[in-house]
Amino acid sequence: MIYHDILSAKKSGRKLLAVLLDPDKIAMDSIALLTEKINASPATHIFVGGSIVEADIIDELIIALKQKTTLPVLLFPGNPSQISKEADGILFLTLLSGRNPDYLIEHQVNAVPVLKKTSLEVISTGYILIESGTQTAVERVSKTEPLARNNAEYVLQTAQAGEYIGNKLIYLEAGSGAQWAVPLEMIAKVSANTEVPVIVGGGIRSKKAIEEAYAAGADLVVIGTAFENDHNFFNS
C-alpha cells in the first residue's frame, strides 16, 4: 500500500521526494533518458498530471515509465479526464483553499464511475494553494484565490479541517512556476499541528530548498518545473 509506506516513512523520519511529470511537457521519445535520470535521483515517487493536460498520452506515458522504473506512479489530476488505470494510485484531491464547488466535490463525484473500473489506490488529499507571487495554473483553472502566505494560522485551520474531514494527506502547494515557495514557518506550523503526512510543492528550485522544506517538517517534497528544465538537477 502506497499510503501505508508514506505513513511508515513519516513515523520513522524518512523523507520522501516525488518528481512531478506534466504529460503536456513530456516527449515520448525522451522517456528512456528521463527515467534514467529519475532512477539516478533520490526520488521515491512519480506524480503524473497537471492543472491542464491536453496531450492524450497519459496511459502511454505511465506504461512507459513503469517499464523502466520501479517507483510507484501516482496520478495528480486536474480533472477526471486525467485518470489512468495504468497508475498505481491517485491523489484524490479536494481544493480546500478555494470555494469553487467543482473542485470541492463535483469533479470528485464525476471521477467515481471511472475509479470504480480501476484498481487504483485512492488517497484522499487536502490540497491547499498558497500565495506565491504570481498567478499559477491552478489558480487560473480552478478560479480560486490562494491563501495568504502571511496567514499561517488560517492555513493551519484549513489543514486541520481537512484532517477532520478525513483527508489522509495535506498538500501545501505554491503552484507550478511559483515565484515563492511555501513559507518554511507555514510548513512547520502545519506539520507540528496535524497528524497526517504533509506534502509540499511549488517554487522549489534547489537541493537546498528541498532540505529546508524537510527540516521545516515536510514529509514529502514535490519537484516539478526545476526537474523538467534540468534533468541533471540532482547532480548539480
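Student: Leaving aside neighbours within four places in sequence, what is S51 in contact with?
Tutor: S51 is in contact with G78, Q82, A137, V138 and V141, where contact means heavy atoms within 4.5 Å. This is a predicted model, where local features need pLDDT of at least 70 and side-chain atom pairs count only at pLDDT 80 or more, while totals for chains, interfaces and linings use all residues. Residues are numbered from 1 along each chain as its sequence is written, and side-chain values use heavy atoms, with hydrogens and water left out.

Student: How far is the backbone nitrogen of V138 from a polar atom of the S51 side chain?
Tutor: That distance is 3.4 Å.

Student: Switching topic, which residues does the UniProt "binding site" annotation cover?
Tutor: The unreviewed UniProt entry gives D22 and S51, though such annotations may be inferred rather than shown by experiment. They are spread over 30 residues of sequence but cluster in space, with a largest C-alpha distance of 8.9 Å.

Student: Is D22 buried or exposed?
Tutor: D22 counts as buried because its relative accessibility is 12%; buried means under 20% relative accessible area and exposed over 50%, with partly exposed in between (1.4 Å probe, protein chains only).

Student: And what does D22 touch, not counting residues up to four places away in sequence?
Tutor: D22 touches G49, I52, V53 and E228.

Student: How does the lining of the largest pocket divide into nonpolar, polar and charged?
Tutor: The lining has 23 nonpolar, 19 polar and six charged residues. A pocket here is an open set of points on a 1 Å grid where a 1.4 Å probe fits, with protein on both sides within 12 Å along at least five of seven lines, and lining residues have an atom within 4 Å of a point.

Note on methods. Nonpolar A, V, L, I, M, F, W, Y, C, P; charged D, E, K, R; others polar. Polar contact = N/O pair within 3.5 Å; in protein donor to acceptor, adjacent residues only side chain to side chain.
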